[in-house]
Amino acid sequence: MPDDEGWWRTAVIYQVYVRSFADGNGDGVGDLAGVRARLGYLKSLGVDALWFNPWYRSPLADGGYDVQDYRDIDPRFGTLAEAEQLIAEALALGIRTIIDIVPNHISDRHEWFQGALAAGPGSAERERFWFHPGRGADGAGIPTNWVSSFQGETWTRTQNPDGTPGEWYLHLFTPEQPDLNWNHPDVRREHEDILRFWFDRGVAGVRIDSAALPVKDPALPDLPAGGAPTTGHPHIDRDELHDIYREWRAVADEYDGERVLVGEVWLDDAERFARYLRPGEMHTAFNFGFMTQPWSARAMRDSITRTLAEHAPVGAPATWVLSNHDVTRPATRYGRADSSFAFDRKRFGTPTDAARGLARARAAALLVAALPGSLYIYQGDELGLPEVEVPRDAIEDPMHFRSGGVDPGRDGCRVPLPWSGEATPYGFGGAPWMPQPDDWASLTVEAQESDAASTLHLYRSAIRLRRALPEFGDGAFTWLEADADVLAFRRGDGVLSITNLGSTAVPLPAHHRILLASGPLDDGLPPDTTAWLALLPTAAPAATTT
Ligand code: NOJ
């Protein structure tokens, strides 16, 4: 593992949703062979690391976040040997690999859970989970009133071997994802072993799924009416979690080359969020606060300021994330009347101004790429892909079904990527597992390669400049005076980023040279556009401007 100290503080990390990236064997499902064949593409994009969504053996009840065997690759994606090759080949190109670890739950097909079901009430095997008798004389009452992150109840009743109704088990997500009991030493030991298993295979870090959820109050108290206790939530952000991540950090620190922990921590409380990033705990955590903001200068400015302020005391770099496999694509979201993001507001048929959405997504891409910290790019955002309204009969996401069909779910951002050609499968491979729209010919990698104004070229240029200019590192960040609808800041002494979120063009500040712009610059900076300006003649050569 190369030892470039602090690599993760400013890294550009590309998120690979394997199932939809590229299909190497023609069966319509993306796989590791497909990723290996496209490493050149990722290298030319200029990214420092890849984060893979769960690639382990899984029934895919929740897209792989229901892990059946952590030490094997799902056969639809490939083999463990191929994963090892992929990790090594990427590293040879200077690209690190981050994998996904899902501590809160496992698949109901996992041997531990199957063993627990078979062993019955009171068994040692059940202690690794949250099995509990139901309320009432007949045990038919649900043990707690906790609400699932996917809506609905969080307990499912089992059947005894003789067919009578048995105990209940806890699942904060679907019934196919039973929650683990983190008070059990086996659970802790197993996860440390899993970390070592993958660190031994050269992975540079782990993304920790639902990182604020694994520990539960063993007393299993009900939530008060309204849902939010004033102190000590029974299953979110419990203090005991920090011991676990300190143990994980100690494991990571046994290895060379700075293996990192990246937390998926959804918390509104900035001080509680920053606790996960204290020295000796996680390296970074996703900044969902910024990701959920609407296209508004004020909202974004406040969020950036808050983000930098909350990270400073713990010495951790911020992360910048515009989307991921759970979230409405920015090219669509920013084209809607309500451009903020919240899971419970997703609806079919939301009116969208696609051209405006894309212009803003491009401007947002440059805005976040200019901020101090690490940067995450979800596959397909570099092509400006929109959210797809997947036909109801093709939807697989449990979020859709658990909402009673009201929420379209998350499949719309998980549609297989278009690589080339005029029609589906657009060079993806075999007939895609999830249908692609029939108007994606102009969005393929091939089409965008030959268009200097494409979103792909914009991302490449931005990443290249970010790497080339020392100002974009961990260096100084200073807000500049600007109109209420404009975000302008300086990085170091030499670079200025300016984004116009208003409805009329604004003049460009004095500059030495334009480095890059997210759209055409007429007489100034048009609405929905970001420009990067060199303030000094010493800045690197200009990249392609559009
Ligand atoms: C967060 C993941 O990003 C999401 O895709 C998954 O459904 C839940 N955690 C449960 O693992």
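This is a predicted model: local features need pLDDT of at least 70, side-chain atom pairs count only at pLDDT 80 or more; totals for chains, interfaces and linings use all residues.
## Second largest pocket

The second largest pocket has a volume of about 400 Å³. It is lined by 23 residues. Closest to the pocket centre are Thr328, Arg336, Lys346, Arg347 and Thr350.

Strands pair through backbone hydrogen bonds, in either a parallel or an antiparallel sense. Here, 3 strands make an open sheet, ordered S6-S8-S7, with antiparallel pairing. S6 (131-132) and S7 (155-159) are the edge strands. Each has a single partner strand, so one side of each has no neighbour in the sheet.

S8 spans residues 165-170 and pairs with S6 over 2 bridges, in the antiparallel sense.

## Helices H12 and H15

H12 covers residues 354-369 and H15 covers residues 455-468. Their axes come within 10 Å and cross at roughly 10°. Angles under 35 degrees count as roughly parallel, and H12 and H15 are therefore roughly parallel to each other.

Which residues in H12 and H15 meet? From H12 come Leu358, Arg362, Ala365, Leu366, Val368 and Ala369. From H15 come Thr455, Leu458, Tyr459, Ala462 and Arg466. By class, the contact of H12 with H15 holds 8 nonpolar, 1 polar and 2 charged residues.

Notes
Residues are numbered from 1 along each chain as its sequence is written. Side-chain values use heavy atoms; hydrogens and water are left out. On a 1 Å grid over the protein atoms alone, a cavity is a set of points where a 1.4 Å probe fits but cannot get out, and a pocket is an open set with protein on both sides within 12 Å along at least five of seven lines; lining residues have an atom within 4 Å of a point. Grid points are joined across faces, edges and corners, and a volume is the space filled by probe spheres set on the points. Two strands pair if DSSP finds at least two bridges between them. Helices (H or I, at least four residues) and strands (E, at least two) are DSSP runs, numbered from the N terminus. Axes are lines fitted to C-alpha atoms, for helices over the stretch in contact, and angles run from 0 to 180 degrees between N-to-C directions. Angles under 35 degrees count as roughly parallel, over 145 as roughly antiparallel, 65 to 115 as roughly perpendicular and the rest as oblique. Contact means heavy atoms within 4.5 Å. Ala, Val, Leu, Ile, Met, Phe, Trp, Tyr, Cys and Pro count as nonpolar, Asp, Glu, Lys and Arg as charged, and the others, Gly among them, as polar.
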